[in-house]
Amino acid sequence: MWVGRAPLAAAVSNAGGLGTLTALTQPSPDALRAEIERCRALTNLPFAVNLTILPAASPPPYRKYAEAIVESGIRIVETAGNHPAEITDLFLRQGLKIVHKCTSVRHALSAQKRGVSAVSIDGFECAGHPGEDDIPGLILIPAAARALDIPVIASGGIADGRGMAAALALGADGVNMGTRFMLTREAPLHDEVKAALASASERDTALIFRPLRNTARVFRNRTAQEVLALEGRPGGAEFEALRPLVAGARGRAALESGQTDDGLIWAGMCLGLIDDVPSCAELIERMVRECRERIALVQARLCEGAERP
Ligand SMILES: Cc1cc2nc3c(=O)[nH]c(=O)nc-3n(C[C@H](O)[C@H](O)[C@H](O)COP(=O)(O)O)c2cc1C
């Protein structure tokens with residue numbers, strides 16, 4: 001949300017990944033159509049669109065966003081949250097490949113049954129919504145890889161070639177990254193926000209909305225701490241009490257203005273592995289090289305008794 005815009009998605013695809021626009025970052029389905037065209041002007045390579053469907057008091061027109069995706073000729077869609085039959089079936093009927101993002105093996109199995117092409121499975125480390133089961137990637141990825149027939153994309157906590165090598169060893173077919181791509185030159189965030197995140201450690205995230213059973217992992221800034229304080233009061237806090245602090249517009253303003261403390265900023269525990277702001281091309285080239293080196297080093301160590309990599 002707010003970050004998955006055309007310049008970043010195109011840069012990721014141009015660098016050999018699959019860049020992803022987030023549909024709801026755009027204020028309307030027509031704005032999404034325009035953003036898809038903007039992305040096409042920046043890359044000839046495939047990119048995907050994410051449609052995140054969450055319960056909301058006044059939900060966005062999800063069906064109309066889905067139609068904008070289909071009518072724009074997008075071939076790969078990432079769905080997250082709920083996957084209502086009306087929308088999944090529309091994508092499937094039109095021949096789109098669906099990657100469904102989920103946080104449990106049972107939801108992954110149900111998505112497989114519904115006909116999605118792949119799942120992206122988010123461990124407890126991830127930015128955003130890790131679900132309520134608290135299963136880290138070290139368990140969740142092999143559990144999903146064992147249970148599913150379709151490709152599994154490991155997500156959550158991956159920020160470098162070591163993480164990618166580990167995910168492949170655990171049985172994943174690929175990796176998905178959110179937090180790491182926030183800290184790239186092409187990510188549309190203020191440099192002050194990138195600097196604050198780059199200096200953060202793996203201990204600098206917080207889980208909010210736990211009492212509402214809608215857990216979210218965010219950067220532990222002043223706004224997150226205020227939310228935690230309200231939630232920790234005797235009797236807890238209704239969502240209405242939190243709303244002014246957690247409003248999406250406020251988080252967006254923080255990302256764009258560089259006032260890092262002034263709104264919620266989604267981020268995962270892999271903050272502790274990130275300390276630079278490369279271009280997407282540099283990042284992906286480095287990750288793939290590191291991943292190959294790690295695998296070779298581990299092999300050498302096991303087979304030839306080489307030094308610890
Ligand atoms: C700033 C930010 C915004 C995100 N917004 C969304 C979103 O709108 N929909 C969604 O499905 N996931 C969203 N995510 C989660 C990512 O798609 C991905 O699952 C997650 O970041 C993976 O964990 P990682 O950050 O450790 O790589 C967001 C992540 C970040 C960092």
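For the tallies by class used here, Ala, Val, Leu, Ile, Met, Phe, Trp, Tyr, Cys and Pro count as nonpolar, Asp, Glu, Lys and Arg as charged, and the others, Gly among them, as polar. On that basis, the lining of the second largest pocket in this predicted model comes out at 10 nonpolar, six polar and four charged residues.

That pocket has a volume of about 370 Å³. Some 20 residues line the space, and those closest to its centre are Glu125, Gly156, Gly157, Ile158 and Gly163. Two elements put two or more residues into the lining, namely helix H6 (137-147) and helix H7 (161-169).

Now for the ligand. Its shell is made up of 19 residues, with Met1, Thr52, Asp122, Gly157 and Thr179 the closest. Sorted by class, the shell holds nine nonpolar, eight polar and two charged residues.

Asp122 brings a polar side-chain atom to 2.8 Å from a ligand oxygen, while Gly178 has a backbone N or O atom 2.9 Å from an oxygen atom of the ligand. A polar backbone atom of Ala127 sits 3.5 Å from a ligand oxygen. On its own the ligand has 590 Å² of accessible area, and the protein covers 89% of that. Strand E2 (48-53) and helix H8 (179-182) are the elements that supply two or more residues to the shell.

Note on methods: Residues numbered from 1 in each chain as written. Predicted model: local features only at pLDDT ≥ 70, side-chain atom pairs only at ≥ 80, totals over all residues. Heavy atoms only, no water. Near = heavy atom within 4 Å. Polar contact = N/O pair within 3.5 Å; in protein donor to acceptor, adjacent residues only side chain to side chain. Areas by Shrake-Rupley, 256 points an atom, 1.4 Å probe, with all protein chains shown as cover. Helix = DSSP H or I, 4+ residues; strand = E, 2+ residues; numbered from the N terminus. 1 Å grid on protein atoms, 1.4 Å probe; cavity = no way out; pocket = protein on both sides within 12 Å on 5 of 7 lines; lining within 4 Å. Points joined across faces, edges and corners; volume = space filled by probe spheres on them.
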